[in-house]
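Hello,

Here is the structure I promised to pass on to you. Have a look at it first, and my notes on what turned up follow just below.

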Amino acid sequence: MLTLSEVQNITGEKGNFQVEILKKPRYVREDRCIACGACTEKCPGKFDDGYNADLKTRTAIYVEYPQAVPLKYAINPAACLKLTKDKCGTCQEVCPADAIDYTMTEETVTIDAGSIILAPGFKPFDPSRFDNYQYAKFANVVTSMEFERMLSATGPTMGHVTTFPKVPANPKKKKDKLLAEKRKDPKKIAWFQCVGSRDVNKCDNAYCSSVCCMYAVKEAIIAKEHAGSDLDCAIFFMDMRTPGKEFEKYYQDAKTRHGINFIRSRVHSVVEDPETGDLHLQYADEMGQIVRDTYDMIVLSVGLEISKETRAFAEKFNIDLTESGFAKTGSFEPVTTSRDGIYVSGVFNNPKDIPESVLDASAAASAAGDALAEARNTLTKEIPAVPETNVIGDRPSIGVFICDCGSNIAGVVDCPDVTEYAATLPYVTVAEETTYACSQDAQDKMVEIIKGKRTQPHCGGGLHPEDP
Amino acid sequence: MVAACTPKTHEPLFQETLKSAGLNKYLFEMTNIRNHNSWVHKNNPDIATEKAKDLVRMAVAKAGLAQPLKEEKIQVNASVMVVGGGLAGLTAARSLASQGYETHIIEKKDTLGGEALKLWKTAQGEDVQQHLSTLIKEIYASDKIVVHTNTTLEGVDGFVGNFISKLNTNGKTTELEHGIAVLATGAKALETTEYGLGKDERIISTLDLDKMFMENDARLDAVQSAVFIQCVGSREPERPYCSRVCCTHSVENAVALKEKNPDMDVFILYRDIRTYGERELLYKKAREKGVIFIRYDVTEKPKVKVEKDHVAVTITDHVLNQPVTIQADLVTLATALVPRKDERLANFFKVPLNDEGFFVEKHAKLGPAEFSTDGVFVAGSGHYPKPVNEAITQGRAAASRALTLLAKKDSLFTSGTIASVDVEKCSACGVCVSICPYNAPAFMTEGRFEGKADVNPVLCKGCGLCVASCRSGAIHLRGFDTNQIFSQIFALGETA
C-alpha cells in the first residue's frame, strides 16, 4: 500500500504497464509507528483538519481519521516547526517506537502492473462563488459536509449542532468572541438541494449528483433525533430523488414519522440579519405565492465534482471523459475506460453512493482480473509455516504480558503491581510488562520468550491442568 | 496471555505471533484492561488496578485449560451455478469462465437474455439487442460454460464449496455439483389494468413502446400526441419503492419520439423526475426538444378515458393549477418493476427476501453482491430494479466476490472455535438443529450414531447458541468449553 503517493507516469499497455509513482515523505516510519498518539500531545504546529471540513485544526503530526488505513501517523511538512524552521523536535523525543524521521525525502518507485484501476473519487462542490447564498460570508450558511461532521459523534462538536459553527470553540480574537456569544442551538434549519448540481446557470454541472437527496434526508432526521422534536427541518428541493433500495421508504418516513418539511422550491437568495446571524429567505411556493421565512441555519447540499487534478490526469493518460468530467464508459462494459487495460470505479465513473461504489469496485476488480486470468498465481510467494509443537499432555506454562498501551492503561492502572501479581498465579512462568504489546519489538520478544521456554526441560507433570 | 486492548482488533496479531513461535494459535488468551477498564474507570485508579488483577486472574485460569485446536480444510468444488440467464447472470458467468472456472447457467426459458431482450436502447443510446447478442454468442462459444435452458431448480443440498442442486430440464431430473451459486433471477414489468392498460391498443407499457421502436412499427408514424404516465404501480402503498429505471426510460423514449417527429406533442406526467447522475442530461435534452413535463400528486392521479379518435388524459397542471385534458394518440405507462418473489429458491439457499420480494443482500453498503449464506451471491434486478449498466456491474461484482472464494480453494479452512457434539450424551432431541441460524447441526443419517446430532464444521460460526440450549450438555464449543468458562467464573470469586 503506497500512501501519500501520486502517479507520475504510465507507460506500456494492457498486461504490461509500468507505473511511475512519486512517494512523498511521511516523516514517520510506517514499520515502526504504533499509532499511540503520544506525538500529537505536545505538537505545536497546527493546520486545518480537512477530515472535519476545516471546522477545527489538527496538529502537524496527525492521523487522517481514527480508522485510517494504514493507521500510521504522518507529518504535514508545511505545518511542522521542525521541518519549516528547524525548531521543536518534540515528537521525536516522545515517540516510544523511534518512528520519527525528519530526513525522509521524496522517492520515485516504478511498479509493473497488468491492469490499472482508477478510483480517484470526487471533491465536494465549493459554493463560495454563489453570491446568492453568501456561503463565504454568512456564518450560518454551511455546506452539507460541514454539517455532516457537526452531527458526527467523532466530529468537532461531538454531535452537538450549534449556530456559528465556523467560530472556534475557544475564541481568541475579539470578533470571534462576539460571535461566540450569539451561539445557540438552532430551532430551524433549512437544506437547499442541488447546489452545484443540475445547474448550468450558476455553474457548469448539468448532471445530478445522485446522493444529495438521501444525505439531506438523513442529516435532517439525525439533527432532529439529536435536538428533539422542537427542531424544525425543511428541505427545499426540485425533485426528490430516492430511487435506491429502501430509499423511498426512508423518504416517506422522514415526512410522516419524523415530521421533516419538504418544500418544492428553489430559493432565490438569502439575507443575513446582521445582529443575530439569522437568515431570512424568500421563495415561491408550489402555488406561486411568495413566502418569507427565517432560519437559524442553512445547509447547502453540495454536489459531487471531478477535480481539476483528476481531469488533468485523465487527459495526460488518454482516458476519455464525458462533458461533465466523468470517465467515459459504455453501458455494456461499465467499468472499462477508453484506454485498454485501465478500469474505473466510484464517483469518477459517474456520481454514486456507497453501495454502488462498492459494486463498482468489485466489478472493476473482476474486469482487471479477467484481463490477467492467465497470469494468476504466477508471482505469488508462500509464507513458510513454522512447525507446530505438540503441547498435549504438557504441564501448562503461561506467559503473561501486561500492556501499558503508553499511558492509555498505565496512566490509570498500576501496571507493575498487576505484573507482579500475575507472576503469583498458577502455571504462570513468565510475567512481563510491555509499553506496547502490539509493536514489532514486543512481538519479537514474545516469540523469543516462547521459544526459550519450549527448549527448557519440563518441570514435571504432577498436576493436571483441570485441577489447579 | 496478553492483558491489553480489544481482541476484536488485536487477537489475530497475537495469534500470528504464537504461530511464528511454533505454538497453536488457539493457545492464545487475551483480556481487555483498556476499553473495559482504564478508559472507563479513569477516576478510580486504585479500583481499576484491582479490576485489572481480576481480569488477569480470570484469563490466566482460562489459559491454563486451553487446548490446541484444529482447523479443518474446506473442500471447494471450483464450479459455479448461475440461476438466471439475463444480463446480470450472463455477465457473471462470462467473467467466471474467463477466469477459468466451469460455470452452469440455469434458465427456465428456452432462450438466454431475459428481460433485456425487450429493451431497445440504453440511456446512453446504445443498441441493447446488438450487445446482448454478442454477449450470448460469447457465452455459447466458451468451453467453460454449460447452458441449461428450459431448466428449473428443484432442490439444493449442501453448503459453500459443496452444493448439490437438482435440475429439471423438460421433465428430466439431473444433479449438478457446484461450489458457488449466483442468484440472478431478475424482475419483470408489473401486469396491471390501471389506466386501461390492455383495453385499448393505444394504451401501452414502456416495453410495448420499445417493441414498436425495434420493429419500426408504422403506427408510430401516425402519432401526433404522446403521453407518458410515470410511477404506474411504483411509490404506492402496495409497492412503496421506486422502480429506478422508468424515469430515464420514458425520457429517452420521449426524446426518440421528438426526434422521429419534432412536431409531435409529447407529455410526461410525473411525480419526481429521477434521472440521477448524467441521466439528467437526457432530461435536459428532452426539455430542450420541447417535451412537456407535468407533475401530479399521488392523491390526484391522471385520468385516462378512451374516446373514439383519441385517448383523453386529464391532469391538474402544476403551474396553471387547472385541470387540462390532452388528446393523445398514444399513452405509454411506466409500469413498476416487480421481483419474481421466488420463495422456494430463497428457501433452497436460506437467503432472505424483503417485503416486496427482492433478495436481501448481506450488507446494504458493504456486501451488496453477496448473501449472508456463504458461497451464494446476488446480481441484477432480483436484488433491486436496475438499468443495463448497473445489472452488468452487479453481475461482474458477484463474479468478483465469488472469485475470492474460488481463488482460495486450496487454502480455505474452518475456524477452530466451533461446536462439537458428544454423541454419548446426545439425546437426539433436535433443539440444536432447530435453533441454529446457520443450519450447522443435523441428525446423522447413518452409522452407529444414526439419529444423533452432528455439527458441520464448515457451517458452524461458533456462536454458541446450540451449546447453551442443549439440555443434555452434549455440545461443546471448542476454545470456550464449559470448564474454561467455569474456571473464569470461579477465578472471579477469588480475590487478589
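Among contacts in chain A between residues at least 6 apart in sequence, 62% link residues that are at least 24 apart. Please keep in mind that this is a predicted model. The secondary structure of chain A amounts to 12 helices and 21 strands, and its C-alpha trace spans about 95 × 60 × 55 Å along the principal axes. Of its 468 residues, 37% count as buried.

**Where the chains meet**

How many residues of each chain take part in the contact between A and B? There are 77 residues of chain A in contact with 77 residues of chain B. On the chain A side, α7 (247-256), α9 (354-371), β20, α10, α11 and α12 (440-455) each supply at least two residues. The most comes from α9(A), with 12 residues. Sorted by class, the side of chain A that touches chain B has 47 nonpolar, 15 polar and 15 charged residues.

Two packed helices are described by the angle between their axes and the distance between the axes. For α9(A) and helix α10 (residues 388-406) of chain B, the angle is about 70° and the axes are 7 Å apart. An angle from 65 to 115 degrees counts as roughly perpendicular, and α9(A) and α10(B) are therefore roughly perpendicular to each other. On the α9(A) side the contact residues are A:L359, A:D360, A:S362, A:A363, A:A365, A:S366, A:A367 and A:G369. They meet B:T393, B:Q394, B:R396, B:A397, B:A399, B:S400, B:R401 and B:L403 of α10(B). By class, this contact of α9(A) with α10(B) divides into seven nonpolar, six polar and three charged residues.

**Two helices of chain A with a buried face**

Both α7 and α11 of chain A are also on the list of elements that supply residues to the side touching chain B. In helix α11 (residues 415-422) of chain A, the buried residues are A:C415, A:V418, A:T419, A:Y421 and A:A422. Seen down the axis of α11(A), these fall within an arc of 160°, so they line one face of the helix. What do the buried residues of α11(A) pack against? In chain A they pack against β20 (398-403), α10 (407-410) and β21 (428-434), and in chain B against α3.

In α7(A), the buried residues are A:F247, A:E248, A:Y251 and A:A254. They cover an arc of only 120° around the axis, which puts them on the same side of α7(A). An α-helix has 3.6 residues a turn, so residues three or four places apart point the same way. Among what covers the buried residues of α7(A) is α6 (212-227) of chain A.

**Helix α3 of chain B**

The α3 of chain B that α11(A) packs against has a partner within its own chain too. The axes of α3 (residues 45-63) and α13 (residues 482-493) of chain B come within 8 Å and cross at roughly 150°. Angles over 145 degrees count as roughly antiparallel, and α3(B) and α13(B) are therefore roughly antiparallel to each other. The crossing in which α3(B) passes α13(B) is right-handed. It is B:D54, B:R57, B:M58, B:A61 and B:K62 of α3(B) that make the contact, together with B:Q484, B:S487, B:Q488, B:A491 and B:L492 of α13(B). That contact has four nonpolar, three polar and three charged residues.

B:P45 also belongs to helix α3 of chain B. Leaving aside residues up to four places away in sequence, B:P45 touches A:V412 and A:V413. With 14 other C-beta atoms within 10 Å, B:P45 is partly exposed.

**Some backbone details**

Most residues other than glycine have a negative phi, and most peptide bonds are trans. Here are a few places to check against that:

- A cis peptide bond joins A:V69 and A:P70, with omega about -5°; A:P70 is in the loop between β5 (61-62) and β6 (74-75) of chain A.
- A:D54 has a positive phi, near 60°, and is not a glycine. The loop between β3 (46-48) and β4 (57-59) of chain A holds A:D54, which is partly exposed, with 16 other C-beta atoms within 10 Å.
- B:N216, again not a glycine, has a positive phi of about 50°. B:N216 lies in the loop between α6 (206-214) and β12 (225-232) of chain B and is exposed, with 8 other C-beta atoms within 10 Å.

Best wishes

Methods: Residues numbered from 1 in each chain as written. Chains lettered and ligands numbered in written order. Predicted model: local features only at pLDDT ≥ 70, side-chain atom pairs only at ≥ 80, totals over all residues. Axes fitted to C-alpha atoms, helices over the stretch in contact; angles between N-to-C directions. Helix = DSSP H or I, 4+ residues; strand = E, 2+ residues; numbered from the N terminus. Parallel < 35°, antiparallel > 145°, perpendicular 65-115°, else oblique. Left-handed = near helix turned anticlockwise from the far one by under 90°. Contact = placed C-beta atoms within 7 Å. Nonpolar A, V, L, I, M, F, W, Y, C, P; charged D, E, K, R; others polar. Buried ≥ 20, exposed ≤ 12 C-beta atoms within 10 Å, placed from the backbone. Arc of directions from axis to C-beta.
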